[in-house]
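Hi everyone, and thanks for coming.

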Amino acid sequence: MEIFFQVLIDGLVIGAFYSLIALGYTMVYGIIKLLNFAHGDLYMIGAFVGFTLLSLFTGDGGVNTGILGLGVVFIGTMIIVGFLGMGIERIAYRPLLLAPRLSILITAIGVSLSLEYSSMIGWGASYKVYPIKLPNDGIQLLGTQISFAQMGMIVLSALLMLGLRLFIDKTIYGKAMRAIALDQTACSLMGVNVHRIIALTFFIGAFLAAGAGIMSGIYYGTINFLMGFTIGLKAFTAAVLGGIGNITGAMLGGLVLGILEAFGTFYMGGSWKDVLAFGILILFLVFKPTGILGAKEMERM
Amino acid sequence: MKKYKKPSLFLLVICMFILPFLLNSYWLDVLTLVLFYVVLTQGLNIVVGYTGLLDLGYAAFFAVGAYTTAILMTTFHWSFWLTLPVAFLFAAIAGVIIGTPTLRLRSDYLAIVTLGFGEIVKILATNLEITGSASGIYGIPRPAIGSYIMASQKDFYFLILIVAIISIIAVYRLGHSRIGRAWVYIREDEDAAEAMGINRIKLKLLSYATGAVIGSFAGSIFAVKMSAIAPLSFSFLQSVMILLAVVLGGLGSIPGVVIGAALVIILPELLRGVEDWRYLIFGVSLVIMMIFRPQGIWPTKNNTEDVDDIETEDPNQSISISK
Amino acid sequence: MSLLTVNQLKLQFGGLIAVNDLSFTVEKNSISSIIGPNGAGKTSVFNMITGFYRPTSGAIELDGISLVNRKPSQITTLGMARTFQNLRLFPNLTVLDNVKSGMHCRTKQTVWGALLRTKSQREEERLIEEVALECIDFVGIRKYTKRAAKNLPYGAQRYLEIARALATRPKLLLLDEPAAGLNYEEKQYLIQLIRRIRDEYNITVLMIEHDMGLIKQISEQITVIDYGCKIAEGSPEEVLNNEKVIEAYLGKEDVI
C-alpha cells in the first residue's frame, strides 16, 4: 500500500508537468488547428533559461537561493520563454496560416530542430546539473514520504492551471480565444484582433511550458537539449487523451498519463514506459480521436 | 529541351559509374551515403510526395530491412540475397500495420502516429534480445556473388548505385501508371478520388507498403555495408533528415528528391568545422523553404503546359465566379 | 423500367432529421431532377446515394443491386458517377490527368504491371488516354487538355467535372447543381450537353438544380423535397403548378 501511494505521488508530479505542457498544445491546436511540434522544446528552453538565471542570480551556483529568489527566477523565465513562443508564431507560423497543413507541420519540425540545436550550441551538448538543491525532508502521509518539493510542485502546477482556467473563463481575452476557436473569420469581421489573440495564446502556452521546464530541472536535477522531444510527444498524448482543444481535458489527460506511466514503469520497467505512452496515443487517435472529454463527431464513411 | 533528356540522363549514369575511380575514399564514402539517401527519399517520396501522407517514422522501415537482413545472416546464416525478399515482405507488412490505423486520420494526427510508431520500433530494437539490444548487431557477413565476396568500398558503391537506379525507375514508372495517378488523386482531393471509384483505403495501404519496401531495400544493404547496426541509426532524426531531403528537393519530384538527398548529405561535409551548426541550419532551412518556396528546389510539373497569361487568353470564354 | 430505386430513406444527425421517409425512382434513360428550397436535404440525398453518408434507414438500389453500406468507390464501380456542388477537381493536375481518374475503376493493372511495363499495361494506358480524350472532346474542352484544372475558366471547370464523371462509364450520372455560376450561354450549352449525354451515351441523368428555367427545359421527371420530405413529383408542368411546391418556394400567401 505504501508503494502504491509512492508511485501515485510520483505519477502526480510527472503528470503535472505533462498537464502544463499539454495545455500549450491544446490551446494552440484549439485556436489555429496547428500541431506545434516545437512546443516540447519550449519546455526545454524554459529549463535552460531557468538554469542560467539561477546561476547568474546567486553566483554561487544557486544552492542558497531563497524562496523569493526562486520566485523571481520562475517568473522571469516564464516571461522570457513566453515572448520566445510569441516570436516563433510571428516569424514561422503566421506567414503560413493559410498554407496547406503539410507545409505548416514541416515548418513546426524545422522550428523544433532549430530550437534544439541552437540550445546545443548555446548551452552545450552535455547534461547540465541544475544549480539548486531542495531539501529532502517532507511529511509522512499514509505511510508515504512526500517531500516539500513534490508538494510545492503539485501546488504550483495546480495554481497555474487554476489561473489559466480563470483567465479563459473570466477575461475578455479568454472569451476572444474561445470565439476564435469557433470561427476565425467571424471574429475578425467583428473587430477582434485575431493575430493578437493568437500571439497571446502562444505566449501563455510557452509561459506554462517554461514553468514545467524549471520544475523538472529542479525535480530531476539534470537537463539536456533533447529533453523536450519525448516529453513533448507525451504531453501531446495527454492533450489527445483529454480531447484536443479542451483545456480541462489537457489537465486531466496529463495527470492520467503521468499516473499510468508511473505504474507502468513500476510494473514493466523503465525501458517500456515510452511504448506504453505511444501505445495509448495511437489507440486514442485511432479509436477515440476526440478524447475522454471530447464530443462525438458525425459518422462518415 | 526534351530531346536532350534521355542522352543527358544516360551520360549522368555513365559518370556515376566512372566516378569511384576518380574519387578518394573519403568522398566515395560520402557519395555512397548520398545514394543510400536517394533510395530512402524515393521511397518516402511515394508516401509523402505522391500520396500526400506525412510520415515522420520512415526510418522504421529502414530499420526493418537492416535488422531482418542482419538477423537472418548472423543468427540463421542465410545468404544476403535470400534475405532481401523476406525483408521486403516484413517491410510491406510493417507498412500495412502502421498504415491501417492511420487511414482515417487527419494529416497532423497521422504525422504524430507515424512518429509514435517510429519511436516504438526504435524502442523495440533497443530492448529486444534478438536485435542485440542497445549495442545492436555486429559481425554481419559480407554478401557474395558466386565465389566473389563483396568487401571493398567500390563494391558497395556499385551495389547501392544499381539499387538507386532501380528505385528511381520504379518510382518513375509507378508515378506514370494508374496506381501512381490514383495516389496523386488522393493527395489532391481524397473525397473526389473516392467518388471517381478509387478505393482510398486500399491505395493508401499500397502506398505505405511500397514506400516501406523501398526503405527496407536501403536498410538491407546498409546492414551488409556497415557490417554492424545499432538502434541509433534509425532514430527520429534520421526520419527527419529523409523528410528534409524530400521537402528541400520538391515533394513528388524525382530529380528534385535526388538533389535533396545530395544536399542533405554533402552540405554538412562542406560545413566541416561548424558541425554543431548542421541541424540548426537544416531546421532553419526547413522553415525558410516552407515560407518562401514550399514547392522545393526542383518542383514537379504534373505534366502541365501552362502559360502564365491565361487570364488574358480568351476573354469571352467565360465569366469566372468565385464561390 | 427504373434504374434507381430509393425507398423510405431516412438520415438523422443527432436530433436533426435531414431526410425523412423519402421514396422515389429514376427511370432508365430519363433526365430527372430533385428540386427543393435551400437546406431541403437535396445534397444529403445525393451523398447517401453515392455512399458518402450512411443512411439511418431505408434502401437504395441501382439496377437491382443494393447500395447501402457500400463505399463510394464501390458504388462508382457499380455504375454511378457524380459531380459536386462546389467543384471538387484535382486542382494541380492537368485536364487530361483529371479525366483519366475516371478510368481507374475500369482498368486493373497492378504495381507489377507498372514496374515491368508489360504489354497489357501499355495497352491499358493507351485505352485510358483514348477514353479520357474522348470525354474531353465530348464536353468541348479539348483546347485545355494540358492545362492545370485550377487555371481553367469557371465554366470549363464545370464541364471538366462532367467529363471526369463520364470517364467512369456510368449508367447513372448525378449532377449536383451543374448550372451554378454559369451565365446564360453556358447554361444553354449545358442543356445541350446533358441531352447529348443521355441521347448519345444512353446514360440516365439525375440532377439537383435551382434554376427552374433549366429544369423546365430538360427535366422529364421531377421530385420536390422540402425539410427532407417529398412534397410532390411528376412532370415539370404538374410539379410547377402544384400548390405545395409554390408554397415551399414562396411561402404561404399571408406571409408575402
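Let's begin with A:Leu53, which is buried because 21 other C-beta atoms lie within 10 Å. Buried here means 20 or more other C-beta atoms within 10 Å of the residue's own, exposed means 12 or fewer, and partly exposed is in between, with C-beta atoms placed from the backbone. A:Leu53 sits in helix α2 of chain A, residues 39-58. Leaving out residues up to four places away in sequence, A:Leu53 touches A:Val73, A:Gly76 and A:Thr77. Touching, or being in contact, means that the C-beta atoms of two residues, placed from the backbone, lie within 7 Å. Also, A:Phe74 is 21 residues away along the chain, and its C-alpha atom is 9.1 Å from that of A:Leu53.

A word on what you're looking at. This is a predicted model, where local features need pLDDT of at least 70 and side-chain atom pairs count only at pLDDT 80 or more, while totals for chains, interfaces and linings use all residues. Residues are numbered from 1 along each chain as its sequence is written, and chains are lettered from A and ligands numbered from 1 in the order in which they are written.

So how confident is the predictor in chain A? The average pLDDT, the predictor's confidence in each residue from 0 to 100, is 86 for chain A, and 94% of the residues score at least 70. Helix α8 of chain A, residues 194-220, has the highest confidence at 93, and strand β2, residues 138-141, has the lowest, with a mean of 74. Please be careful with residues 296-301 of chain A, where the pLDDT is below 50. Where pLDDT is low, the predicted coordinates should not be read in detail.

Next, the transmembrane annotations. For chain A, an unreviewed UniProt entry gives "transmembrane region" at several places, including residues 12-35 and 197-219. UniProt positions are in the numbering used here, feature names are shortened, and annotations may be inferred rather than shown by experiment. In the model, residues 12-35 of chain A are 88% helix and 0% strand, with end C-alpha atoms 25 Å apart. Residues 197-219 of chain A are 100% helix and 0% strand, and their ends lie 33 Å apart by C-alpha atoms.

Chain B has such annotations too, from an unreviewed UniProt entry, among them residues 86-103 and 156-175. The 86-103 span of chain B is 94% helix and 0% strand, with 25 Å between its end C-alpha atoms. For residues 156-175 of chain B, the figures are 100% helix, 0% strand and 28 Å.

How do the chains meet? Between chains A and B, the contact takes 32 residues from chain A and 30 residues from chain B. On the chain B side, α5(B) gives the most, with 12 residues. That side divides into 22 nonpolar, five polar and three charged residues. Here Ala, Val, Leu, Ile, Met, Phe, Trp, Tyr, Cys and Pro count as nonpolar, Asp, Glu, Lys and Arg as charged, and the others, Gly among them, as polar.

Chain C meets chain B as well, with 41 residues of chain C in contact with 36 residues of chain B. The chain C side of that contact has 13 nonpolar, 18 polar and 10 charged residues.

Chain C itself is assigned domain 1 (1-79 + 170-256) and domain 2 (89-168), with bounds from an automatic or database domain assignment. Their C-alpha centres lie 27 Å apart, and the contact between them takes 10 residues from domain 1 and eight from domain 2.

Finally, two residues of chain C to look at. C:Asp21 is not a glycine, yet has a positive phi of about 50°. C:Asp21 is in strand β2 of chain C, residues 16-27, and counts as partly exposed, with 14 C-beta neighbours inside 10 Å. C:Tyr227, also not a glycine, has a positive phi of about 50°. C:Tyr227 lies in the loop between β9 (221-226) and β10 (229-234) of chain C, and is partly exposed, with 15 other C-beta atoms within 10 Å.

Notes:
Helices (H or I, at least four residues) and strands (E, at least two) are DSSP runs, numbered from the N terminus.
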